[in-house]
Amino acid sequence: MKPSVIKRLEKDDKFRIEVADIAKNYLKLGRDTLEYWSRDFDYAYDLMLGYAPLTRTDYENLERGDPRRFILPMTSTQIVTMTTFVAQTLFGQETPHKVDGRGPEDELSAEYMNQLLRWNAEQQPTYVLGYLWIQDALVCNRAVFYNSWAPILKTKVTTTQEIDEEADLVKDPETGEMVPQTYEKITRDKVTAGHYARMDLVSPYDFVCDPGLPLWRFQEMRFAGHRTQIPWTELKRRSELPPDDPYHVYPWAVEEIQEKRKKKGGSGTAPDIVATGAPAGGVEANIRVSRTGYERGRSVNPTGNDVADPEDVGNIEVYEMWIRLVPKSYELGDEDEVRLYQFLVGQGDVVLAINESPYEHDMLPYSVAEGRPFAHFQFSPSWVMIMKGIQDHVDWLKNRHQEALSRTVGNVFVYDPSKVDVDDFLNPEKEGLLIALRPAAQGTPIRDVIQQIPIKDMTERFHEEMMQFAQFSESVTAANSAMQGGGGNSPNSATEFAGTQQMAAGRMQSIARLLSVQGLVPQTKQFVANYQQFMDEEMIVRFRSSDSNLNPYLRGAHSVKLNRDVIQGNFDYIAHDGTLPGTDAKKVAAIVRILEAGAAFPDMFAPGEGNLNPRDLIYAAAKASGLNVERFFYDSRTANVAAGQASPMQGEAPMPTPGGMPQQPGPAPAVPSFPIPEPATISPLGPSQPRPQTF
């Protein structure tokens, strides 16, 4: 951003309001659409969490800690099964992000980049984030990752001896002179130890984007943004940073937020349930509302005030908006072309920072995916909402059966009070089984004195019907009992059962591939571009290759040294095929059968056109079973030692061979290096570029 524009923002109130309105108008457009659909999110999470809708009486009972109503966890079980399968498919390996070299000259750079992406996945809880991201896609049909270039901070502790100015002088035991007292001062500083491509999970309730396009066309949208909470103390610290620091926010904006918060006495009043899914005017006694909406409003800020100290005005609600604008139209610059801008807006209307996006990938820094993508508009029903009708019917059967049981479990008797002492009959402390009859009951049959009334439970078969609908719901999601870890109750043969399970897994594999295409492929593009643009330090990472055709220079390597020059290249970003890693038992079994058949038909494996290559078959079977084949590659550098031949002593010349060529030394070093291309083959890039602070 031009310094002149920043100065104008500080001095010109009218211009500052106009700039703030840019972000506010786009934010309103996105939030209006989001709020219309947020109740669907609430009801979807009700099914996922096993919450039953609440009435006013239920709310009052919740305050007293009474038992809470629930729904049958049918949908929850199936969604957890689907989430587990897809998460294990996409995030069960070392990294969900991989690239392929576009040409032969890019293969080595692609291998280096894959090692860097694997290391990047280890810097954050990738599997946890991926699991929750997939769960959002299945529950709300909207999963959002926010992608940024983040520092790795390390605490540096320094100990120094400081003079205590207020303490009395003491006598030095060696010199006898009076000297000031000292104390040990410990200083803790945050230093940057490196950077990595970070992904943060964004709640579907906090993410806004252009409502005019479906999510599969997300990168064509005009704007996107999300809500976050930043402590005011953190904003104060960032306002004191140099203006060219990517974390810098405008000092006058932080002071304005502080004054506004002090006048309001905190963040405001307690949240109204109307804003969380309840009908206007409060909760009526006969109207049920979402339990998730109720709890969401209470858990975020039950009292509405988060101020703990007069100097700390609490957490500030900040919206980070990324908007594509023509700078000249808004007096933000002289350019006539569309540019991507980042706006940080705090406390509703205070502009904390404006930055033109420095990302070379020129993409909105989000990865968005749907579990059930729709071609033409956003907010199509999720997998949970598809299940809601079946779930509601099952819960209706359950509730009716529960009510019938409450009426029939207790014994109902008819008795003649003149012939039986009912108090004696109902006495809980009575010992023995004798019940006294009145004199009037003498000679009267006992059925005329007291008799139990049989009551027929009209809902006794509701349980069977519930199970039938539960099985029908499994056919909708393919998360049947066998996929859930049970043995299944199908009477079919083993072959039919295996085929059925293969089809069920295939349906879930299609979900995994859809999520990979929509979210992980664009995310990989952004991660790669950020490393190629911003990586400014040389790194040594552990080497783990999964390529059978590995470059000979890298075989046997335990670590590699990476810098920004060697990861440059043109890459292809291939979507995950949806198969579960390491579980291709049928594929392994088929290859084993082929190899066994080779003993009877050796001509099948003879070298020749069209014949099978046994080495490739063995490698494919080992990889499909999950074995790390690269650990067992033949290494000529260690072959002599393995054969029992001694290596030359240190300082001695290699033993001459019969052919006159010197013999190669013994075993390779424990941590072999790899060839970094010389500057003659790869021109060094310029220094890495700064990027804006994200939140």
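Biologist: What share of the contacts in the protein between residues at least 6 apart in sequence join residues at least 24 apart?

Modeller: The share is 75%, where a contact means heavy atoms within 4.5 Å. This is a predicted model, in which local features need pLDDT of at least 70 and side-chain atom pairs count only at pLDDT 80 or more, while totals for chains, interfaces and linings use all residues. Residues are numbered from 1 along each chain as its sequence is written, and side-chain values use heavy atoms, with hydrogens and water left out.

Biologist: How many helices and strands make up the secondary structure of the protein, and what makes a run of residues a helix or a strand?

Modeller: There are 16 helices and 16 strands. Each is a DSSP run, numbered from the N terminus: a helix (H or I) needs at least four residues and a strand (E) at least two.

Biologist: What percentage of the 695 residues count as buried, and what makes a residue buried or exposed?

Modeller: Of the 695 residues, 39% are buried. The term requires under 20% relative accessible area; exposed requires over 50%, and partly exposed lies in between (1.4 Å probe, protein chains only).

Biologist: Why is H6 described as largely enclosed by the rest of the structure?

Modeller: Helix H6 has 10 of its 14 residues buried, and is therefore largely enclosed. Among them are Leu129, Trp133, Ile134, Leu138 and Val139.

Biologist: How does the reach of H6 stand against the expected span?

Modeller: H6 covers residues 126-139 and reaches 20 Å from its first C-alpha to its last, close to the 20 Å expected. The expected span is 1.5 Å times one less than the number of residues.

Biologist: Which residues of H2 and H6 meet, and at what angle do the two helices pack?

Modeller: Ala44, Tyr45 and Met48 in H2 meet Gln135, Asp136 and Val139 in H6. By class, this contact has 4 nonpolar, 1 polar and 1 charged residues; Ala, Val, Leu, Ile, Met, Phe, Trp, Tyr, Cys and Pro count as nonpolar, Asp, Glu, Lys and Arg as charged, and the others, Gly among them, as polar. Helix H2 (residues 13-49) packs against H6 at about 115 degrees, with the axes 10 Å apart. Axes are lines fitted to C-alpha atoms, for helices over the stretch in contact, and angles run from 0 to 180 degrees between N-to-C directions.

Biologist: Where is Glu331 found, and why is Glu331 called partly exposed?

Modeller: Glu331 is in the loop between E8 and E9, and also has a positive phi of about 60 degrees although it is not a glycine. Its relative accessible area is 43%, and that value lies between the 20% and 50% cut-offs, so the residue is partly exposed.

Biologist: How do you know that E8 pairs with E7 and with E9?

Modeller: Two strands pair if DSSP finds at least two bridges between them. Strand E7 (residues 223-231) is joined to E8 by 9 antiparallel bridges, with Val318 in E8 as the bridge partner of Thr228. E8 and E9 (residues 339-346) pair in the antiparallel sense over 8 bridges, and Leu325 has Arg339 in E9 as its partner. Strand E8 (residues 315-325) has 8 of its 11 residues buried, so E8 is largely enclosed by the rest of the structure.

Biologist: What makes E5 and E11 edge strands?

Modeller: The open sheet has 3 strands in the order E5-E2-E11, with antiparallel pairing. E5 (182-202) and E11 (366-369) each have a single partner strand, so one side of each is left without a neighbour in the sheet. The twist averages 25 degrees from one strand to the next. Strand E2 (residues 143-163) and E5 are joined by 20 bridges, and Trp149 stands opposite Ala197 in E5.

Biologist: How many disulfides does the structure hold, and is Cys140 buried or exposed?

Modeller: The structure holds 0 disulfides, a disulfide being a pair of cysteine sulfur atoms within 2.5 Å. Cys140 is buried at 6% relative accessible area, and Cys209 is buried at 3%.

Biologist: Why is Gln468 called exposed?

Modeller: Gln468, in helix H12 (residues 462-477), has a relative accessible area of 53%, and exposed requires over 50%.
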